[in-house]
Structure formats: C-alpha cells, structure tokens
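I set out to record, entry by entry, what I looked up in one structure. The entries are kept brief for a reader new to the subject.

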Amino acid sequence: MAALWEQNIRKVVPYVAGEQPTDTNIIKLNTNENPYGPSPKVQELADHMDSDVLKKYPDQTAGDLVRAIADYHGFKPEEVFVGVGSDDVLAMCFMTFFNSDKPVLFPDITYSFYPVWAEMLRINYKTLPLDENFCIRPEDYNEPNGGVIFPNPNAPTAVLMGRDKVEEIISSNKDSIVIVDEAYIDFAEEGSSVIDLTRKYDNLIVVRTFSKSRSLAGLRIGYAVANEKLIKFINDVKYSYNSYTMNTPSIVLGTASIEDDEYFKEKVEAIKKTREWFTEELKKLGFRVLPSSANFVFASPRTKTAEEVFEEAKKRGIYVRFWNKPIIKDFLRITIGLDEEMKKVVDFLKEFC
C-alpha cells in the first residue's frame with residue numbers, strides 16, 4: 001500500500017530527449033544539433049573570457065543579449081524575452097498564458113514536450129490530427145480553446161506550413177494566445193517566419209532558439225518575440241519563479257553569435273544544401289521522405305522497418321531518432337550532419353536496406 005504522502009506528489013511521464021552517448025567515435029544525428037561549430041567570434045570570446053565574472057550573479061534582464069536580438073529583428077528590447085533554451089521560454093509561456101478551463105490546442109504529431117508541460121501544470125489540452133500528408137489543417141483550430149501552440153516547421157515531421165495558413169490560425173483565434181514555435185525556421189525558405197506578424201496581432205508569440213541554426217545547444221539560449229504587454233506578463237512569471245535564469249557566458253557568447261550574421265547564414269545554407277542532397281539519395285533508395293524545411297529529414301524505409309534500421313544503425317555507430325508510436329513508427333528522424341557523415345549514412349543504408 002502506498003504511503004499517504006504519495007497522494008500529494010505530482011506524477012507525470014517526463015519528456016524523453018534523444019540519447020546522448022559519451023562515445024565520440026560515432027555519427028550523432030539524433031538530436032538536431034548543428035554539425036558546424038559556433039561563430040569564430042564566439043570561440044574568440046570564450047577563449048578570453050575572464051572567469052572572475054562568474055563570482056557575481058548575471059544580469060537578470062540579460063540586457064545585452066535582449067538588445068542584440070531586438071536589433072537583429074528590428075524590434076524594441078521590451079518586445080523580447082530570453083530564457084534557458086526555447087524549452088524554458090515555452091514552459092514560461094505555458095505557465096503564463098494557458099490558464100483557461102478550455103483546452104489548449106496542438107497537433108497530435110508535434111514536439112513531445114507540449115503534452116508533458118500540460119500534464120505537469122494540469123492544463124486542459126486537446127490534440128488535433130494532421131492530414132494524410134502530415135500537414136496541420138488550419139480549419140481544425142477554429143473551435144473554442146484556451147490557447148494554441150504549434151511548431152513551424154513542425155517536429156518531428158519537418159513539414160512547413162505557409163505564412164497564409166499560419167496567419168489563418170492566428171486571425172481566427174484573436175481571443176486566445178497563439179504561440180508559433182519557430183525552432184527550425186532558419187532552415188526554411190526565406191520569408192516563412194511570422195515574427196513580423198507580432199506587430200499585427202496582439203495575441204501572437206513567436207519563439208526561437210540558438211540551439212539549431214546558431215550551433216549553441218550547449219549554452220541553452222531561447223527567446224520569444226511579442227508585444228510589450230505579453231513580454232511583461234512572461235517576465236512577471238519568470239521573476240516570480242527564478243530571476244537569474246540566464247548565465248553570464250550565455251549572455252556574452254549569445255550576443256557575439258548574433259553579431260556574426262555572415263557566418264550564421266553561410267552555415268545554414270551549407271546544411272540546406274546537404275539536406276537536399278541527402279533527401280535525393282534517400283528517395284533513390286526507395287525511402288518516403290517528407291518535404292523538409294528543417295535541419296533534419298523525416299523518412300520511412302521501404303524494405304526494412306524503421307526500428308530495424310534504427311537498431312542496426314546504432315550498432316554501427318550511427319545514431320538517429322525513432323519513436324515506436326502509432327502513425328510515426330514507420331519513420332526515422334535523421335539530423336543533417338557534415339557531408340562526410342551523411343555519405344557514410346547513405347553507404348550504410350545502401351548496404352542494409
């Protein structure tokens with residue numbers, strides 16, 4: 001019989017991240033990290049950072065980083081919120097805005113942290129199915145709700161929804177907060193972001209991360225852009241929860257990354273080029289590959305099961321992502337690595353599949 005104190009424990013099924021093996025002699029394509037290092041400006045600053053700054057608390061406003069992000073996108077600092085990775089930013093948004101009795105809406109196939117936060121915070125939610133092509137259907141989001149959230153491009157499918165359809169969801173939910181999670185938007189075609197629409201719609205929040213396109217997953221930097229009122233609400237929750245979320249190295253090095261736009265764009269284009277080549281190679285092998293606008297592909301093998309490919313690849317030191325779940329159990333999510341890594345993956349698939 002369980003002890004009485006167990007009745008007061010908040011029990012949830014936690015989010016399961018991609019495996020982080022300690023062996024460095026592998027091809028790691030399971031967590032959507034950027035295969036290229038961060039900007040040389042980041043490296044230079046890291047090499048010469050005075051460790052004496054670590055004895056003091058960081059700037060709780062992360063002012064330098066906030067101003068750099070705001071300037072980069074053409075916004076005011078008051079319209080930007082930063083957190084410890086986009087996960088922290090999204091969690092703060094869940095706590096701040098999703099408090100209605102009506103359900104929060106998000107896709108059934110999407111970032112798997114959404115239902116975890118909802119369960120942990122006891123937020124009522126409802127998942128809506130994707131269509132047969134793994135696309136979000138904007139018309140499904142017209143029902144009464146306590147908020148809407150979805151990634152664009154979606155994860156783990158990598159499928160991008162056009163701006164017009166994203167705006168359709170935003171405009172049809174003016175009485176609810178709509179969060180567009182743009183973790184992978186830098187790998188989509190130019191003009192796909194809706195960050196500019198935060199000026200048009202006072203219910204819109206756009207969330208971004210430095211973990212993917214800026215090669216700074218280890219620093220944990222994420223941010224949100226919205227109107228001043230919404231940003232103040234998020235900050236009020238943050239300062240009531242943990243005032244010092246951003247550490248000093250993240251603030252300093254993240255600011256340097258923003259300032260090196262040429263390097264950032266160069267590496268994003270390199271990943272996109274490799275993605276297109278890899279997609280064509282998979283198709284030659286008979287894989288079904290969903291159209292990708294991210295730094296990964298979502299692909300289904302023809303002659304083997306996805307689980308068989310996943311297990312054999314792991315034995316050979318190639319780590320990809322597999323979910324043994326309905327609808328997506330036939331697919332693998334494969335991060336785009338360096339050219340030489342992806343060629344080794346293709347060689348393995350040619351032999352095994």
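**Entry 1. Ground rules.** I noted that this is a predicted model, in which local features need pLDDT of at least 70, side-chain atom pairs count only at pLDDT 80 or more, and totals for chains, interfaces and linings use all residues. Residues are numbered from 1 along each chain as its sequence is written, and side-chain values use heavy atoms, with hydrogens and water left out.

**Entry 2. Elements.** I took helices (H or I, at least four residues) and strands (E, at least two) as DSSP runs, numbered from the N terminus.

**Entry 3. Cores.** I looked up the nonpolar cores, each a set of buried Ala, Val, Leu, Ile, Met, Phe, Trp, Tyr and Cys residues joined through side-chain atoms within 4.5 Å. Buried means under 20% relative accessible area, exposed over 50%, and partly exposed in between, with a 1.4 Å probe and protein chains only. The largest core has 48 residues, and Leu65, Ile69, Val80, Val82, Phe150 and Phe210 have the most contacts inside it. Several elements give two or more residues to this core, among them strand 2 (80–83), strand 5 (147–151) and helix 7 (248–259). Helix 2 gives the most, with five residues. A second, separate core of 31 residues includes Leu29, Tyr263, Ala299 and Ala306.

**Entry 4. Strand 2.** Which residues of strand 2 are buried on each side? I found Val80 and Val82 on one side and Phe81 and Gly83 on the other, so both faces are covered. I then searched for contacts of Val80 (heavy atoms within 4.5 Å). Leaving aside neighbours within four places in sequence, Val80 touches Val66, Ile69, Ala70, Tyr223, Ala224, Val225 and Ile231. Two strands pair if DSSP finds at least two bridges between them. Strand 2 pairs with strand 8 in the antiparallel sense over four bridges, and Val82 stands opposite Tyr223 there.

**Entry 5. Strand 3.** Strand 3 (residues 104–107) runs parallel to strand 4 (residues 125–128), joined by four bridges, with Phe106 opposite Thr127.

**Entry 6. Helix 8.** Helix 8 (residues 261–284) has 24 residues and reaches 35 Å from its first C-alpha to its last, close to the expected 34 Å. The expected span is 1.5 Å times one less than the number of residues. Its buried residues include Tyr263, Phe264, Val268 and Phe278. The buried residues of helix 8 pack against elements including helix 1 (40–47), helix 2 (63–73) and helix 10 (339–352). Gly286, with a positive phi near 90°, follows helix 8.

Entry 7. I found a cis peptide bond between Asn152 and Pro153, with omega about 0°, and another between Ala155 and Pro156, with omega about 10°. Pro153 lies in the loop between strand 5 and helix 5, as Pro156 does. Ala62 is not a glycine, yet has a positive phi of about 50°; Ala62 counts as buried, at 1% relative accessibility.

**Entry 8. Cysteines.** How many disulfides does a search of the whole structure find? I recorded zero, taking a disulfide as a pair of cysteine sulfur atoms within 2.5 Å. Cys93 is buried, with a relative accessible area of 0%, whereas Cys353 is partly exposed, at 24%.
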